[in-house]
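Colleague: I have a model open and want to learn how to read it. Can we go feature by feature?

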Amino acid sequence: MPERPFDIAIAGEINLDLILYGLPEQMPLDRELLGSGFEMTLGSSSAILAHNLSILGTRVGFVTCTGNDDSGRIALDRLAESGVDLSKIIHRADVATGVTILLPHGKTRHILTHLGAMATMRVEDLDLDYLSSARHFHLSSLYLQKAMQPDLPYLFRQLKKAGLTISLDTNDDPDDEWSTALEPLLGLIDILLPNQDELLRIAAKPTLEEALHVLAPRVPLIVVKCGSAGSLVQQGSHREQIAPLLVEPIDTIGAGDSFNAGFLNAWLRGESAASAAAYGNVTGALSLLRPGGTEAFRDRAFVQEFMTQRAGQQRSTAAGVA
């Protein structure tokens, strides 16, 4: 059987992140508030993942929708730098490319998003043959994919028939409902990649133990991002805690998506879930060292140096976990 041209196909959103640092967490109205710094970076969970996966050497096919505007062109140019295939991009003249404004406050942040074009892409807009030419399919930001949501069960079933494995990172639900769009998908995915808070909300349980008890029988592999506590891998009844790689963070934006990039890169290369999670801890830590979710990865020499120094050490730690 001939090799498939892509390791992973991703269909999802793209936008620019506008990051304004140094604002107070409580912001009075009708006042001129001065930030201490500003960055414009490639944003959105789907595009950050695609970019960083490609930098790590994964062959990525990406489908997204933008408006016919400068912000969409800038975002796509940033993504193209990484080598992601963008031959199936959808442009709409009647809607603007979305945007996210982030206001970091130490370990927390305000996240303000205008969906724009990212909420208009439908499953019928996707080239199923293109997606099926990958080994694996990933969906991020489930609750922002408003137009795709109703037909995602159909899409996932078609991709499973084509022999793909499927992973999902729901990200946050702005409506705080969680179950409506997700419930029909849980039995169709191979990997769920939430952070700890998202896992509790998905399962509607107060503790990690209770949430995993509910979800583990339904999803073969659950990989939980636990911030400074590292990550956790649940496969059936088997559970492993993977130690973190601790660094002094400059910016936490995109760290979870960067973890996903490392995990999926290693998992698609045939590594164990624990080893892949350890690699994800490294790529997540790498992301923390520059603003936004992709800036650390755009410096390829920096990536090579960091990964060479840290990845082997982290895998050795994972291999010793019982």
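Colleague: Start with strand pairing. Which strand do four bridges join to E1, and in what sense do they run?

Modeller: This is a predicted model, so read every value as computed from it. Four bridges join E1 to strand E9 (residues 134-140), and the two run parallel.

Colleague: How many residues of E1 are buried?

Modeller: Strand E1 spans residues 6-11, and six of its six residues are buried.

Colleague: Now the other sheet. What is the strand order in the open sheet of four strands?

Modeller: The order is E3-E2-E7-E8, with mixed pairing. Look for strands that pair on one side only: E3 and strand E8 (108-114) are the edges. Neighbouring strands in this sheet are turned by 20° against each other on average, ignoring direction.

Colleague: Over how many bridges do E7 and E8 pair?

Modeller: Strand E7 (residues 99-105) pairs with E8 over seven bridges, in the antiparallel sense. Within that pairing, Leu 102 stands opposite Ile 111 of E8.

Colleague: What packs on this sheet, touching E2 and E3?

Modeller: H1 does, with contacts to strand E2 (15-21) and E3. The direction of H1 makes about 80° with that of E3. Helix H2 (residues 70-80) also lies across E2 and E3, and runs at about 75° to E3.

Colleague: Why is H1 described as largely enclosed?

Modeller: Count its buried residues. In helix H1 (residues 45-55), 11 of the 11 are buried, so the rest of the structure largely encloses it.

Colleague: What touches Thr 294, leaving out residues up to four places away in sequence?

Modeller: Leu 42, Ile 48, His 51 and Asn 52 do. Thr 294 itself lies in the loop between H9 and helix H10 (295-298). Its relative accessible area is 1%, so it is buried.

Colleague: Next, backbone angles. How should I read a positive phi?

Modeller: Most residues other than glycine have a negative phi. Just after H1, Gly 57 takes a positive phi of about 105°.

Colleague: Ser 44 and Ala 204: is each buried or exposed?

Modeller: Ser 44 has 8% relative accessibility, so it counts as buried. Ala 204 has a relative accessible area of 63%, so it is exposed. Phi of Ala 204 is near 55°, also positive. Ala 204 is found in the loop between helix H6 (196-203) and helix H7 (208-215).

Colleague: On to nonpolar cores. Which residues have the most contacts inside the largest one?

Modeller: Phe 62, Val 223, Phe 263 and Phe 306, in a core of 50 residues. Helix H9 (residues 273-287) gives the most to this core, with nine residues. A second, separate core has 46 residues, including Leu 168, Leu 215, Val 219 and Val 224.

Colleague: What does Phe 306 touch, beyond residues up to four places away in sequence?

Modeller: Its contacts are Leu 245, Val 247, Val 282, Ala 285, Leu 286 and Leu 289.

Colleague: How many aromatic pairs does a search of the whole structure find?

Modeller: Five. Take Phe 259 and Phe 263: the ring centres are 6.4 Å apart and the planes are at 15°, so the pair is stacked. Planes under 30 degrees apart count as stacked.

Colleague: Last, charges and rings. Which ring does the charged end of Arg 269 sit over?

Modeller: The ring of Tyr 279, at 5.3 Å from its centre. Likewise, Arg 290 lies over the face of Phe 302, 4.2 Å from the ring centre.

Note on methods: Residues numbered from 1 in each chain as written. Predicted model: local features only at pLDDT ≥ 70, side-chain atom pairs only at ≥ 80, totals over all residues. Heavy atoms only, no water. Core = buried A, V, L, I, M, F, W, Y, C linked by side-chain atoms within 4.5 Å. Buried < 20%, exposed > 50% of the residue type's maximum accessible area, 1.4 Å probe, protein only. Contact = heavy atoms within 4.5 Å. Pairing = 2+ DSSP bridges. Phe/Tyr/Trp six-rings, centres within 6.5 Å; stacked < 30°, edge-to-face > 60°. Lys NZ or Arg CZ within 6 Å of the ring centre and 35° of its normal. Axes fitted to C-alpha atoms, helices over the stretch in contact; angles between N-to-C directions.
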